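Colleague: I should like to go through this model with you, one point at a time. Please let each answer end on the item I ask for.

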Amino acid sequence: MIVGDFKLNKSIIGINLLICYREAIFEKRYLNNYLNGENNMKKLLSIFAVVAFAFSAHAGTLDDVKNRGFLKCGVTTGLAGFAAPDDSGEWAGLDADMCRAVAVAVFGDRSKVEFITTTGKSRFPTLASGEVDMLARNTTWTISRDVNLGFEFVGVNFYDGQGFMVPSALGVSSATELDGATVCIQTGTTTELNLADFFRLNGISYEALPIETNDEGKENLFAGRCDVYTTDASGLSSTRAAASNPDKWVVLPEIISKEPLGPLVRHGDHQWGDVVRWSLNAMIIAEELGITSENVDAQMSSNVPEVLRLLGVEGNYGEMLELSNDWAYQIIKQIGNYSESYEANVGPDTPLEIARGLNALWTQGGILYAPPFR
Amino acid sequence: MRSNLGFFSDEKFRSIFFQTLVVGLFALGLFFVISTTSYNLEKRNIATGWSFLQNPAGFDISFSPFLEFKSTDTHLKVYFVGVLNTLLVSITGCIAATILGFILGIVRLSSNWLLSRLVYIYVEFSRNVPLLLQIILWYSILIQLPRVKQSLQVLDVFYISNRGLYSPRPIFESGFSYVSIAIVLALISSFLINRWAKKRQDKTGQQFPVFSSSIGLIFIVPLILFFILGSPLSFEHPELKGFNFKGGLVIRPEFIAMFLALSIYTAAFISEIVRAGIMSVSKGQREASAAIGLKQTWIMRLIIIPQALRVIVPPLTSQYLNLTKNSSLGIAVGYADLVHGFGGISLNQTGQAIECMAIVMATYLSISLTISFFMNIYNRSIQFKEK
């Protein structure tokens with residue numbers, strides 16, 4: 001068996017493994033014996049190996065997660081509504097729910113997840129190095145990230161667009177009036193590039209004030225170091241909701257870009273990609289089928305075939321994903337469908353007050369659409 | 001005994017054996033690091049190579065005092081802007097730290113109890129608080145300054161706000177080049193006068209007022225020329241238009257915070273080095289020079305400092321290197337230096353982490369080696385000339 005994917009590991013493993021790696025051919029059985037310490041001769045050799053840099057054979061992420069016993073999920077450093085600790089210190093939000101949904105799919109337990117905070121800049125190296133199993137970090141799906149950075153976006157859990165927020169005292173009503181303004185912008189984001197394009201296109205000038213995190217942006221905007229803060233409209237709503245007096249801030253009407261935000265995994269591990277993709281799709285399909293966390297038990301005896309397939313009553317879709325057959329049932333039971341997650345975290349009744357808009361189902365005027373469950 | 005150990009008892013063999021072993025293991029380790037990295041990059045479909053340097057950056061850099069930067073410029077230009085900004089804060093920081101450090105080092109040795117205690121407190125505070133915290137402290141203070149619409153006006157022409165310090169910008173009109181040439185000529189002739197005067201003093205003992213004549217040459221002659229040519233210099237004053245001041249020169253709070261933190265932090269170390277250098281000159285030197293009737297200032301300038309410099313310069317070099325490398329902390333306040341612009345934004349937008357980091361590291365290495373090179377030349381020039 002060829003074991004292909006290798007990664008840097010903190011543990012020191014023997015040089016004999018390295019030689020095996022160079023040949024890129026060895027038995028998985030051999031490796032397991034080795035790692036379990038059953039083969040004492042090999043273990044002895046590893047003690048003699050002095051090389052401090054070690055590499056461990058890297059099986060599928062799903063197996064890694066199962067062996068570890070919990071999911072490592074990369075989220076923002078704190079963006080209310082998407083991923084931020086709530087009053088009781090629990091991570092909550094749309095992205096946090098995405099992480100929990102995957103944890104439920106794998107373990108049947110929404111608490112089996114470790115949230116790892118990442119900045120706009122650290123998120124990709126963190127994922128690429130295997131420090132996290134997936135990112136659910138309001139990350140825009142673009143071709144260069146999908147192709148060149150070696151990641152795989154598995155879907156979209158929030159359709160967003162870039163907007164501007166200014167103090168209402170400034171009396172600005174359109175982004176085209178922002179000539180000469182100082183703009184706070186998170187570095188390493190697509191918004192940084194959109195911003196440059198927008199101002200170039202409109203032939204107006206600006207001064208960029210680069211910042212690292214949303215909190216830094218908030219601080220600089222509230223102190224008046226910058227006139228405008230630009231990021232995804234959802235992020236602006238979140239920042240505005242966190243202000244001491246939200247009425248003093250206004251989000252301008254222009255949306256200058258498409259920002260489809262979605263979870264992503266490392267490229268090449270399709271089995272794991274499928275697990276994350278269908279955890280998201282299960283939540284969307286559940287909304288389409290009208291299954292909620294409240295009525296999911298009653299739906300077990302539904303006569304709609306797709307409902308029965310989703311809940312694992314019919315078919316063996318769970319096994320195909322190497323999960324338990326009630327994985328989707330558990331997601332809906334423990335997290336809820338997409339609508340429930342949306343309304344609880346970012347919807348009109350939350351401080352963020354974001355209407356469903358594009359994020360409504362395709363049947364209700366939005367573009368949220370999941371492939372059929374069959 | 002000897003037969004048991006065999007050739008391991010041979011010192012020469014042992015030494016060669018272990019050296020080969022260490023070098024071999026190091027090479028092996030390096031080989032695996034490099035091959036695994038390239039293998040994994042290929043496996044993950046991460047593109048490698050240098051072609052991204054020619055791609056348009058797509059983002060803007062506001063702080064670029066030497067080069068004009070547009071979002072359509074390449075990542076290579078991002079690199080140059082970063083290098084210049086790094087050099088700007090490093091060089092100004094080194095100069096300020098040296099001046100401040102020398103003054104404080106001398107004051108620390110003063111017989112005035114209050115002064116030397118104050119310097120002592122300053123030194124202990126600033127060298128024992130992490131530099132990153134000091135940078136953030138300065139920045140937090142600076143952004144608490146008045147907002148741009150409520151800028152403080154100083155002397156009618158300077159404006160201070162949390163967007164920076166705005167001052168008038170000199171505009172050189174035709175004819176000013178003659179004044180510049182006059183200044184350069186004056187500088188050269190002062191240098192020549194200095195050499196001539198020194199030679200004459202060595203030979204005849206006669207002194208020449210070098211200082212005052214140089215001042216006259218450098219300042220007064222160009223000034224007279226300036227007025228003869230009809231003051232070919234005007235100023236562009238900053239004006240509040242819309243969101244920001246337009247025109248004039250601006251020094252950004254990010255730069256000021258970096259400059260203050262770096263120079264104040266490093267000056268504390270330099271002052272200790274200077275103190276050590278002065279104290280290394282034996283007391284007899286001072287007493288002997290006082291005995292032959294030299295003034296206090298002369299004793300310091302002609303006897304103590306030249307000898308102290310021999311002790312001061314080598315550790316001073318490492319302080320310059322530290323300051324330059326510490327300037328990479330500018331990322332904490334968004335100062336657009338090499339690490340922030342090229343090693344941060346370009347890296348992140350292109351995903352070429354290994355290439356960008358390699359370039360950034362090589363650049364810091366070159367800057368550091370250049371500083372070392374010149375400081376070593378200077379160091380040699382002040383050493384004892386044994387005849």
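**Domains, confidence and contacts**

Modeller: In this predicted model, the C-alpha centres of domain 2 of chain A and domain 3 of chain A are 31 Å apart.

Colleague: Which element of chain A has the highest mean pLDDT?

Modeller: Chain A contains 16 helices and 16 strands. Its mean pLDDT is 82, and 84% of its residues reach 70 or more. Among the elements of chain A, the lowest mean pLDDT, 36, belongs to strand E2 (residues 55-57), and the highest, 96, to strand E3 (residues 71-75).

Colleague: Over which residues of chain A does pLDDT stay under 50?

Modeller: Where pLDDT is low, the predicted coordinates should not be read in detail. That caution bears on a stretch of chain A for which the model has 62 contacts beyond four places in sequence. Domain 1 of chain A is assigned to 6-59. In chain A, pLDDT stays under 50 over residues 1-58.

Colleague: What percentage of the residues in chain A is buried?

Modeller: Of the contacts in chain A between residues at least 6 apart in sequence, 73% join residues at least 24 apart. A residue counts as buried if 20 or more other C-beta atoms lie within 10 Å of its own. Chain A has 374 residues, and the buried share is 47%.

Colleague: Is Glu322(A) buried, exposed or partly exposed?

Modeller: Glu322(A) lies in the loop between helix H14 (317-320) and helix H15 (327-334) of chain A. Its phi is positive, about 60°, although it is not a glycine. Most residues other than glycine have a negative phi. Because 16 other C-beta atoms lie within 10 Å, Glu322(A) is partly exposed.

Colleague: What is the phi of Glu353(A)?

Modeller: Glu353(A) belongs to the segment after helix H16 (338-345) of chain A. It has 14 C-beta neighbours inside 10 Å and therefore counts as partly exposed. Glu353(A) is a residue other than glycine with a positive phi, near 50°.

Colleague: Are H10(B) and H12(B) roughly parallel or roughly antiparallel?

Modeller: The axes of helix H10 (residues 296-326) and helix H12 (residues 353-382) of chain B come within 10 Å and cross at roughly 175°. Angles over 145 degrees count as roughly antiparallel, so H10(B) and H12(B) are roughly antiparallel.

Colleague: How many nonpolar residues are in the contact of H10(B) with H12(B)?

Modeller: The residues from H10(B) include Leu309(B), Val313(B) and Leu321(B), while those from H12(B) include Ile367(B), Ile371(B) and Met375(B). Among the residues of this contact are five polar and two charged ones, and the nonpolar number twelve.

Colleague: Which element gives the most to the side of chain B that touches chain A?

Modeller: The contact takes 39 residues from chain A and 33 residues from chain B. Helix H2 (11-43), strand E7 (244-246) and helix H11 (338-350) of chain B each supply at least two residues of the side that touches chain A. By class, that side of chain B has eleven nonpolar, 15 polar and seven charged residues. With eight residues, the element that gives the most is H2(B).

Key. Residues are numbered from 1 along each chain as its sequence is written. Chains are lettered from A and ligands numbered from 1 in the order in which they are written. This is a predicted model: local features need pLDDT of at least 70, side-chain atom pairs count only at pLDDT 80 or more; totals for chains, interfaces and linings use all residues. Two residues are in contact if their C-beta atoms, placed from the backbone, lie within 7 Å. Helices (H or I, at least four residues) and strands (E, at least two) are DSSP runs, numbered from the N terminus. Ala, Val, Leu, Ile, Met, Phe, Trp, Tyr, Cys and Pro count as nonpolar, Asp, Glu, Lys and Arg as charged, and the others, Gly among them, as polar. A residue is buried if 20 or more other C-beta atoms lie within 10 Å of its own, exposed if 12 or fewer, and partly exposed in between; C-beta atoms are placed from the backbone. pLDDT is the predictor's confidence in each residue, from 0 to 100. Axes are lines fitted to C-alpha atoms, for helices over the stretch in contact, and angles run from 0 to 180 degrees between N-to-C directions. Angles under 35 degrees count as roughly parallel, over 145 as roughly antiparallel, 65 to 115 as roughly perpendicular and the rest as oblique. Domain bounds come from an automatic or database domain assignment.
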